[in-house]
Amino acid sequence: MSDRADAYRRAGVDIAAAQNLVDRIKPLAQATFTKGVLTDIGGFGGLFKPDLANMEEPVLVSSTDGVGTKLMLGFDWDGHSTIGIDLVAMSANDILVQGARPLFFLDYFATGKLDVDTAERVIAGVANGCSEAGCTLLGGETAEMPDFYPPGHYDLAGFCVGLVDNAKIVDGSSIGIGDVFIGIKSSGPHSNGYSLIRKILAESGLRPQDPLPGDTVTVAEALLAPTRIYVKSVLNLLRDFTIRGMVHITGGGFYENIPRILPRGVAAHLHMDCWPLPPVFAWLMRAGKLSWQEMLTTFNCGIGYVLVVDKEQSEDVLARLGAMRESAWIIGEAVKAEKVEGEERVIVDPPTAPVGL
C-alpha cells in the first residue's frame, strides 16, 4: 500500500512529525488543565465551562499578542525553552490590567520545516507560562509552511481569555488627584524594544556569552530573561484592596501605556529616583546613546506593571507585595493634567545621578 501522505511530505509538510508533536505536548497541556476543561488536546475546538459562581454579571476579557523580534535572539542563542513564557505573559498581563482572571490560552506556532524537538521546547514554555498565570493551555495550532520561513525560524502568536465581574472591572475611571502609582519590578526588557536592542547589540560587538556590562549575568541571560507574569500577585491584591487602575508596561513604554487608563484632566508624575535602574537598561542607554525620553518610550526601564491606589492604602499594598516576594516601589502620583493628549499626561523626573556602568 502506498504512503497516503507521501506526496504532501515531498512537498515539505510532514504530517507524521506534526502528530508526533501533538503526542508529546499533550501531557504538557494536560498539566495546566483546570476544572473548567471539557475537552482534551487534539479536537477541532477547546471546550471550557467557566465557574460563574459568586459572579453577578460575568464579562469575558481577551487579548492577543506575539513575541516580536526577541524571537531572533532565541533562534541565535538557543532560547527556545523560555520564549513561550513571553508569549503567555504578553496577553495574560494585558487582561489582568482590567481585573480579569485568565481562564485559558491558545497558541499558534508556524515554521517552514517542523523540528519536533524545538517545537516541544517552545510549547513546554507556553505550558509553563500558563501555569504561572493559573490558566489552561486549551489548545493551539502548529503550521508547517515550506518556503515561508528561513531554516530554523518560526513565529509565535497566541491569545488569552479571562473573566471578571462587571462591577469589578478596573478601568482607571476612578483615579483622582493625589492617588499613588506603585511600580512592580520587571525581569528585564520583557518582549519589547528588541528591534532597537538587536541594533545596539550588533553595534556593541558583545557576544551572548560575554558578561553584561555592570552586571553578573551574561548578555544572553539578560536579554532572554522571560517576561514576568504578574497574575497571581495582582489577583491576591484585588481580593483585599481597591485598585483604581493598572498598566502593563509594554510597547510604547511609559508615555504610551499609562495615558490609556488616565481619566480626563489627570496626569501621572513619575520620579525615576524612586526605583533602581537595572544594569541592562543602563547598558542600552549608554551603548545606544539614547535620551531618557527615548528610553521611556521604548522600554519598561525596570517597571513591568503599575498599580494606581489611594495614598492611604499604598503602604499596605507595598507590604503585601513584599510578602509575596515582589519588588515594588511608590514611583509617582496623579496630578492635574495641563494638556489632554500626548506625552504631557506623563511627566517623568529622570534620575538625579548619572547612569553609570
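User: Which rings cluster together with F75 here?
Analyst: Ring pairs tie F75, F109 and Y154 into one cluster. Rings of Phe, Tyr and Trp (its six-membered ring) pair if their centres lie within 6.5 Å; planes under 30 degrees apart are stacked, over 60 edge-to-face, and the rest tilted. Keep in mind this is a predicted model: local features need pLDDT of at least 70, side-chain atom pairs count only at pLDDT 80 or more, while totals for chains, interfaces and linings use all residues. Residues are numbered from 1 along each chain as its sequence is written, and side-chain values use heavy atoms, leaving out hydrogens and water.

User: OK, how many aromatic pairs does that rule give?
Analyst: Seven aromatic pairs. Take F48 and F104: their ring centres are 5.4 Å apart and the planes sit at 50°, so that pair is tilted.

User: And are F48 and F104 buried or exposed?
Analyst: Both F48 and F104 are buried (under 20% relative accessible area; exposed is over 50%, partly exposed in between, with a 1.4 Å probe and protein chains only).

User: Switching topic, what about K70: buried or exposed?
Analyst: K70 is buried, with a relative accessible area of 0%.

User: Which side chain does K70 have a polar contact with?
Analyst: D86, at 3.0 Å. A polar contact is a pair of N or O atoms within 3.5 Å; within protein, one must be able to donate a hydrogen and the other to accept it, and residues adjacent in sequence count only if both atoms are side-chain atoms.
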